[in-house]
Amino acid sequence: GVCLNRSLLFFFSHYLFIIRSYLNKPPYNMWLKFILLLLTLLVVVLAWYTQTVIPVGTGFAVKEICSGVFISKRSPAEVLRVDVAATNPLAPFVQVDVDRPRRVVKGVTIGFTSRAVFREGLGCTLEIDINEQELRHQNISRERLRYQTAAKPLPADKPWPFGTGRPQPQKTGITQLDKLAKVMDAALGKGQERGHSTRALAVAWKGHLLAERYANGFNEHMPLIGSGMGALVLNALIGILIRKGQLSLQDPVVNFLPAWQCLEAQDPQKLITVEHLLRMNSGLSFNERHTLFSDLTYLLYGCHDSATYAANRRMVSEPGTEWQLSSGSSTLLAYVIRAVVGDSLYVHFVRSELFNKIGMASAIIEVDPAGTFQVATHMFAKARDWLRLGQLYVNDGTWEGEQILPPGWVKSTTKPTESSSRWMYGGHIWTNAGQPGYPQTRPFHRLPTDSMFAFAQTGSTIVMVPSLELVIVRLAHDWQANVVDWQWDPTDVVTSLLPVLHV
């Protein structure tokens with residue numbers, strides 16, 4: 001992840017030559033040696049920081065502001081102050097310029113410049129080893145227009161999930177509407193306490209939009225980032241390819257990745273299958289922490305080709321033996337999908353086979369500079385559309401009688417992965433089953449065993465409970481006050497709703 005340019009290498013070679021000449025000259029002053037060595041260490045740290053951390057931190061700020069402004073229609077100052085500053089210590093030093101006519105955002109930090117370009121239907125992409133003109137003429141951009149993959153607006157006179165009509169709790173037979181309102185208001189209010197920041201809360205029951213609440217500054221028309229919730233889309237897309245006979249869970253990933261075509265026969269990467277990536281036990285190392293020094297941050301804001309970066313992580317265990325939460329695995333899955341369907345159908349496949357079929361008209365998946373989807377980290381959609389995605393899983397993969405996901409796919413991918421955290425992880429979906437044979441080990445004891453979740457590090461969550469016919473979406477940004485709530489506990493919201501639903 002650390003790339004030193006030629007000028008920096010030239011400087012280092014001459015600097016070390018001078019230091020060496022001083023250290024070899026008598027008299028040998030130990031204090032002089034110590035000072036020179038300390039100075040060398042400081043130069044190395046400063047060079048690394050300026051060549052890696054500052055550009056990545058600036059890219060982080062520019063990318064998030066671009067997406068917030070042009071997708072969510074928020075103010076750049078608010079995105080910088082609330083979203084970026086929470087985890088980016090460089091935020092106070094970034095000078096941001098938003099060019100609305102060109103839909104480009106530029107940021108400058110201590111002389112380092114980063115730019116992000118917005119493209120309709122593709123969101124924002126950083127200019128890393130590529131310029132604006134090249135991005136606008138990239139294959140993925142041209143093919144999106146060629147196949148006209150933008151979703152058609154849903155009818156306003158039909159209720160959710162088939163239209164954009166208002167919540168209709170009466171359709172479910174609920175009579176205690178005042179109690180429902182109190183539960184939703186209380187849930188939204190509690191979601192603002194102790195560093196938490198709930199932005200949207202929506203509930204569907206028995207296939208109907210029951211209720212929704214939005215924090216000040218947010219509304220039902222605003223697409224919001226799902227962060228890690230996008231992993232559920234990857235689960236769905238892999239399932240669709242399997243249903244169509246274009247992919248198998250046992251396919252070796254090496255068949256799809258150009259970065260692995262030069263592997264030796266004995267290299268362990270050749271043993272990694274699609275299922276290993278889906279269950280995040282590939283054996284590839286990945287630092288998932290959201291800091292300026294992590295693999296995650298460099299993958300998202302520091303490199304041109306995120307799939308190649310993820311593929312080049314070192315092996316730390318045999319495939320299938322150790323679980324590790326990894327956006328690198330999600331990125332490689334996104335590239336597998338790209339390799340299977342081809343660049344010309346990449347966007348069209350996602351829109352035609354999933355989003356259009358379940359009415360996710362607002363959904364936008366952003367791409368890296370090389371054109372690979374950043375599904376598990378940078379997907380935006382309105383709260384009601386995230387709710388539609390959850391409804392698909394409560395429906396066991398069917399929508400209006402059509403089998404979108406393979407029969408049995410939801411059950412098989414919610415089987416806990418051995419060695420995963422508290423036996424919670426399935427195949428890019430979290431579960432509440434617990435260790436097989438030991439239901440007391442399930443993480444949320446007061447929720448049904450068949451509960452499923454799409455969690456994000458920001459606290460955003462999709463809760464899916466088939467036995468209750470219940471879907472809950474929470475969109476949030478829980479970074480304030482150092483709160484990292486990547487497994488928001490939905491127990492209170494669910495149990496507060498049950499008496500109202502007479503369940």
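# Close-up views of a predicted protein model

View 1. Most of α15 is covered, with 8 of its 11 residues buried (under 20% relative accessible area with a 1.4 Å probe, protein chains only; over 50% is exposed, and values in between are partly exposed). The model is predicted: local features need pLDDT of at least 70, side-chain atom pairs count only at pLDDT 80 or more, and totals for chains, interfaces and linings use all residues. Residues are numbered from 1 along each chain as its sequence is written, and side-chain values use heavy atoms, with hydrogens and water left out. The buried residues of α15 are T491, V493, V494, T495, L497, L498, V500 and L501. Among the elements covering them are helix α6 and the strands β5 (198-205), β6 (208-214), β14 (461-465) and β15 (470-476). Helices are DSSP runs of H or I with at least four residues, strands are runs of E with at least two, and both are numbered from the N terminus. Just after α15 comes H502, which takes a positive phi of about 60°.

**View 2. The pairing of α6 with α15.** Helix α6 spans residues 177-190 and helix α15 spans residues 491-501; their axes come within 9 Å and cross at roughly 170° (axes are lines fitted to C-alpha atoms, for helices over the stretch in contact, and angles run from 0 to 180 degrees between N-to-C directions). This crossing makes α6 roughly antiparallel to α15 (over 145 degrees; under 35 is roughly parallel, 65 to 115 roughly perpendicular, and the rest oblique). On the α6 side the contact is made by K179, L180, V183, A187 and K190, and on the α15 side by D492, V493, S496, L497 and V500 (contact means heavy atoms within 4.5 Å). By class, 6 of these residues are nonpolar, 1 is polar and 3 are charged (Ala, Val, Leu, Ile, Met, Phe, Trp, Tyr, Cys and Pro count as nonpolar, Asp, Glu, Lys and Arg as charged, and the others, Gly among them, as polar).

**View 3. The crossing of α7 and α12.** The axes of α7 and helix α12 (residues 346-358) come within 11 Å and cross at roughly 100°. The two helices are therefore roughly perpendicular to each other. V233, A236, L237, I240, L241 and R243 of α7 meet F349, V350, E353, L354 and F355 of α12. This contact has 9 nonpolar, no polar and 2 charged residues.

View 4. D83 lies in helix α3, which covers residues 76-84. The residue is buried, at a relative accessible area of 14%. Its side chain makes a polar contact of 2.7 Å with the side chain of R74 (a pair of N or O atoms within 3.5 Å; within protein, one must be able to donate a hydrogen and the other to accept it, and residues adjacent in sequence count only if both atoms are side-chain atoms). Apart from neighbours within four places in sequence, D83 is in contact with R74, E78, R199 and H477. E64 is 19 residues from D83 in sequence, and their C-alpha atoms are 7.8 Å apart. K73 is in the loop between α2 (30-70) and α3. K73 has a relative accessibility of 63% and counts as exposed. Its phi is positive, near 60°, in a residue other than glycine.

**View 5. S306 and D368.** S306 is part of helix α10, residues 306-311. With a relative accessible area of 1%, S306 is buried. The side chains of S306 and D368 are joined by a polar contact of 2.6 Å. Setting aside residues up to four places away in sequence, S306 touches L299, T331 and D368.

**View 6. Loop residues on either side of α7.** S227 sits in the loop between β7 (224-225) and α7. Its phi is near 50°, a positive value in a residue other than glycine, and S227 is buried at 14% relative accessible area. T273 lies in the loop between α7 (231-243) and α8 (274-279). T273 also counts as buried, at 11% relative accessibility. Leaving out neighbours within four places in sequence, T273 is in contact with L249, Q250, D251, P252 and V253.

**View 7. A cis peptide bond.** W160 and P161 are joined by a cis peptide bond with omega of about 5°. P161 is located in the loop between α5 (139-146) and α6.
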